[in-house]
Amino acid sequence: MEYSRLGATGLRISRICLGMMSFGTGGAREWHLGEEAAEPIVRQAVEAGVTFFDTADAYSKGTGEELAGRMLRKFFARREDYVLATKVYYPTGPGPNDRGLSRKHVLDAIDASLRRLGTEYVDLYQIHRWDDETPIEETMEALADVVRAGKARYLGASSMCAWQFAKAQRVAAVPFVSMQNHYNLVYREEEREMIPLCVDQGVGVIPYSPLARGLLAREAGTTARSGTDPVADDMYDAGDLEVVEAVREVAKERGVAPAQIALAWLLGADGVNAPIVGATKIRHVEDAVAAVGLTLTSDERARLEAPYRPHRVIA
């Protein structure tokens with residue numbers, strides 16, 4: 001495993017982040033894993049040197065955080081030995097204040113996340129989306145108070161417009177150090193504004209959906225997730241298959257899995273610190289870790305990028 005600093009901070013993270021959205025018992029998707037099934041996957045990641053883990057309060061109705069906290073305490077002797085990230089924004093209850101980025105919800109949500117995770121602090125506290133109903137000044141001040149209280153070490157953001165991110169940074173007493181955005185070989189709209197902004201400002205880029213919700217990893221056929229994932233159906237379509245085919249061709253030539261090629265491309269992209277890789281099988285972790293040591297040639301990168309076509313902006 002290789003490690004890098006998160007943006008311009010001194011925080012060192014593994015170049016692969018294990019995304020834990022697939023873990024929990026409260027979700028509606030058949031590909032969500034309970035603790036017994038998830039534990040070997042997390043163990044494989046830890047043994048491979050992964051030290052960066054990402055979850056959210058809304059994953060599997062909070063059970064995602066509970067499961068993540070228990071497993072990380074089991075596999076690491078010290079809290080200082082891993083970097084834990086979670087997020088706030090999406091509904092966590094039926095009440096009108098159980099969602100969004102108001103001061104009330106942010107301060108309530110961090111306490112609830114810490115209880116579920118079984119820890120005194122998170123290393124990276126992220127806003128899951130932009131909240132049009134709350135002034136960004138209110139949100140940024142509440143997040144600064146979370147840091148001042150010692151409940152989070154750093155702040156991060158997720159998908160939004162570049163102008164929104166710039167506005168948040170302008171009013172922030174404690175600025176965001178990372179951007180968790182939607183970025184992969186079949187969705188590269190982030191290269192137009194957000195990633196250049198992050199590179200210029202020293203903000204770390206930790207993309208989610210690096211394999212396009214499994215599309216770039218599939219050699220043939222469908223998986224349990226790909227066959228029951230309406231979000232993926234809305235994000236990607238048949239027009240993206242030329243990119244998928246290019247990934248498969250390069251993978252065949254290299255004698256590796258397509259997932260390794262897609263992740264190696266992302267690991268070599270400007271500004272990217274650590275793709276957030278979801279896993280429901282041990283081999284998903286193995287492919288992600290192998291990609292860290294795989295360097296693509298300039299010709300291979302050009303072949304992978306050539307079939308790209310513009311997309312509507314999606315989160």
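Colleague: What am I looking at, and how are residues numbered?

Modeller: This is a predicted model, where local features need pLDDT of at least 70, side-chain atom pairs count only at pLDDT 80 or more, and totals for chains, interfaces and linings use all residues. Residues are numbered from 1 along each chain as its sequence is written, and side-chain values use heavy atoms, with hydrogens and water left out.

Colleague: And the helix labels?

Modeller: Helices (H or I, at least four residues) and strands (E, at least two) are DSSP runs, numbered from the N terminus.

Colleague: Start with H1 and H10. At what angle do they pack?

Modeller: About 20°, with the axes 8 Å apart. H1 covers residues 35–47 and H10 covers 282–292. That makes H1 roughly parallel to H10. Angles under 35 degrees count as roughly parallel, over 145 as roughly antiparallel, 65 to 115 as roughly perpendicular and the rest as oblique. Axes here are lines fitted to C-alpha atoms, for helices over the stretch in contact, and angles run from 0 to 180 degrees between N-to-C directions.

Colleague: Which residues meet there?

Modeller: From H1, Pro 40, Ile 41, Gln 44 and Ala 45. From H10, Ile 282, Val 285 and Glu 286. Contact means heavy atoms within 4.5 Å. By class, the residues of this contact are five nonpolar, one polar and one charged. Ala, Val, Leu, Ile, Met, Phe, Trp, Tyr, Cys and Pro count as nonpolar, Asp, Glu, Lys and Arg as charged, and the others, Gly among them, as polar.

Colleague: On to H9. How many of its residues are buried?

Modeller: 10 of the 10, so H9 (residues 258–267) is largely enclosed by the rest of the structure. Buried means under 20% relative accessible area, exposed over 50%, partly exposed in between (1.4 Å probe, protein chains only).

Colleague: What covers those buried residues?

Modeller: The cover includes helix H8 (241–254), strand S10 (276–278), H10 and helix H11 (298–305).

Colleague: How do H8 and H9 cross?

Modeller: Their axes come within 8 Å and cross at roughly 110°. That makes H8 roughly perpendicular to H9. H8 brings Val 247, Arg 248, Val 250, Ala 251 and Arg 254 to the contact, and H9 brings Pro 258, Ile 261 and Ala 262. The classes come out as six nonpolar, no polar and two charged.

Colleague: Tell me about Val 247. Buried or exposed?

Modeller: Val 247 is buried, at a relative accessible area of 0%. Val 247 sits in helix H8. Leaving out residues up to four places away in sequence, Val 247 touches Leu 185, Leu 216, Pro 258, Ile 261, Ala 262 and Leu 304.

Colleague: What do the buried residues of H2 pack against?

Modeller: H1, strand S4 (52–54), strand S5 (83–88) and helix H3 (103–117). Those buried residues include Glu 65, Leu 67, Met 71 and Phe 75.

Colleague: And H3, what does its buried side pack against?

Modeller: The buried residues of H3 pack against H2, S5, strand S6 (122–127) and helix H4 (136–148). One of them is Ser 113, which counts as buried at 0% relative accessibility. Ser 113 touches Asp 57, Glu 65 and Thr 86, not counting residues up to four places away in sequence. H3 is followed by Gly 118, which has a positive phi near 70°.

Colleague: Which residues other than glycine have a positive phi?

Modeller: Among them are Ser 60, at about 50°, and Ala 212, near 55°. Most residues other than glycine have a negative phi.

Colleague: Where are those two?

Modeller: Ser 60 is in the loop between S4 and H2. Ala 212 is in the loop between strand S9 (204–205) and helix H7 (230–235). Ser 60 counts as buried at 6% relative accessibility, and Ala 212 is buried with a relative accessible area of 1%.
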